[in-house]
Amino acid sequence: MNLTLHLTENCNMDCSYCIREKCPRDMTEEVLFKACDLAFSKGSRAGLCFFGGEPLLKKDLIYKALDYCEERSRLTGMRFDSKMTTNGSLLDEEFLRKAKESGMVIGLSFDGKAQDCCRRFADRDRSPTFDRVEEKAKLLLEYMPDSVALATIAPDAVPYYFESVKYLHDLGFRRVSAVIAYGRKVSWTDDDLELLRPQIEMTAEYIKDLFIAGEKFSFSPLDSKISECIAGRNPAEKCHLGVRQMPVTPGGELYPCTSFINDEDYLMGNVFDGLDDNKVREIAMRAQVPETCKDCDLRTRCTNS
């Protein structure tokens, strides 16, 4: 069973596009261990994703979860996997040694050359973050060269799109994901999209040249879009509410997706009482293609979200 543990709702950065509301609410050890038990309660493997806020604000909980789950894996024979999404500013060698020993996969939220456009520290001066994260990215790649860089492209970052992808590649990342910023804090205009097109075209040419040169480099969304077209897959099939990965709030509540946290209509249970099977079935039905989308020409290119 795969769970995303929201270890804290606090963060040491204040990113302009972030839709999460920061507050000093942390997961307790009791909730942590109950969530670990739940992860081992179903299926042939257990998976945890450490998330936040900024999960490295609660390194102590990550260490305890890894030790606990590795022991559970030894006793049960079930495979245990872990991953983490972090802004990277609090990475250190002690943590990276432990993460590497545990086989953790780390996704570094790093916008490349556009970092300081939107990602600032949550101090009085909203200090820039690029230099710190660049230093930590190099350290991460020393220990875990297969780590992925996760760039978020807000309108302010559009002029740096291609430059950022090339920078992250030159830094040493061989897997980069660039997603478009969305939510109530982001407003895209037609002019922004006109600027975005040539940036994506330059990026595509760059990646094509790397491919022709025989260099292995994975860039999402282009790779995923191409593979979906070749295989005839519908990206909407990727979203299975409450089936593949369930978030756990600091208080232990279970939801089908991070987007629905604190929406009581999507509450699926908690780590103390377990899942409400009737609610799980009801929510799973909502993952089907809505009636209003069935006749849309773009239905096979959309996740209906």
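This is a predicted model: local features need pLDDT of at least 70, side-chain atom pairs count only at pLDDT 80 or more; totals for chains, interfaces and linings use all residues.
1. The residues concerned are Asp-192, Leu-196, Gln-199, Thr-203, Tyr-206, Ile-207 and Leu-210.

2. The length of H7 is consistent with its residue count: at 1.5 Å a residue, the 23 residues of the helix (residues 190-212) should span 33 Å, and because the end C-alpha atoms are 33 Å apart, the two values agree. Just after H7, Gly-214 adopts a positive phi of about 80°.

3. The second largest pocket holds about 230 Å³ of space, and its lining consists of Ala-204, Ile-207, Lys-208, Leu-210, Phe-211, Glu-215, Phe-217, Leu-222, Asp-223 and Ile-226. H7 supplies the largest share of this lining, with 5 residues, while H7 and H8 each give at least two. By class, the lining of this pocket comprises 7 nonpolar and 3 charged residues, with no polar ones. Ile-207 and Leu-210 belong both to the buried residues of H7 and to the lining of this pocket.

4. A search of the whole structure returns 2 cavities of 30 Å³ or more. The largest cavity, with a volume of about 40 Å³, is lined by Ala-151, Ile-153, Tyr-161, Ser-164, Val-165, Leu-168, Val-176 and Ala-178. Strand S5 (148-153), H6 and S6 each contribute at least two residues to this lining, and the largest share, 4 residues, is that of H6. The lining of the largest cavity divides into 7 nonpolar residues and 1 polar residue, with no charged ones.

5. The second largest cavity, where about 30 Å³ of space lies, has a lining made up of His-6, Thr-8, Glu-9, Arg-20, Glu-21, Gly-52 and Gly-53. Its classes are 4 polar and 3 charged, with no nonpolar residue.

6. The search of the whole structure finds 0 disulfides. Cys-18 is in no disulfide, the nearest cysteine sulfur being that of Cys-15 at 6.2 Å, and with a relative accessible area of 26% Cys-18 is partly exposed. Cys-36 is likewise in no disulfide, although the sulfur of Cys-69, the nearest cysteine sulfur, is 3.5 Å away; the cut-off applied to a pair of cysteine sulfur atoms is 2.5 Å. Cys-36 counts as buried because its relative accessibility is 0%.

Methods:
Residues are numbered from 1 along each chain as its sequence is written. Side-chain values use heavy atoms; hydrogens and water are left out. The expected span of a helix is 1.5 Å times one less than its number of residues. Buried means under 20% relative accessible area, exposed over 50%, partly exposed in between (1.4 Å probe, protein chains only). On a 1 Å grid over the protein atoms alone, a cavity is a set of points where a 1.4 Å probe fits but cannot get out, and a pocket is an open set with protein on both sides within 12 Å along at least five of seven lines; lining residues have an atom within 4 Å of a point. Grid points are joined across faces, edges and corners, and a volume is the space filled by probe spheres set on the points. Ala, Val, Leu, Ile, Met, Phe, Trp, Tyr, Cys and Pro count as nonpolar, Asp, Glu, Lys and Arg as charged, and the others, Gly among them, as polar.
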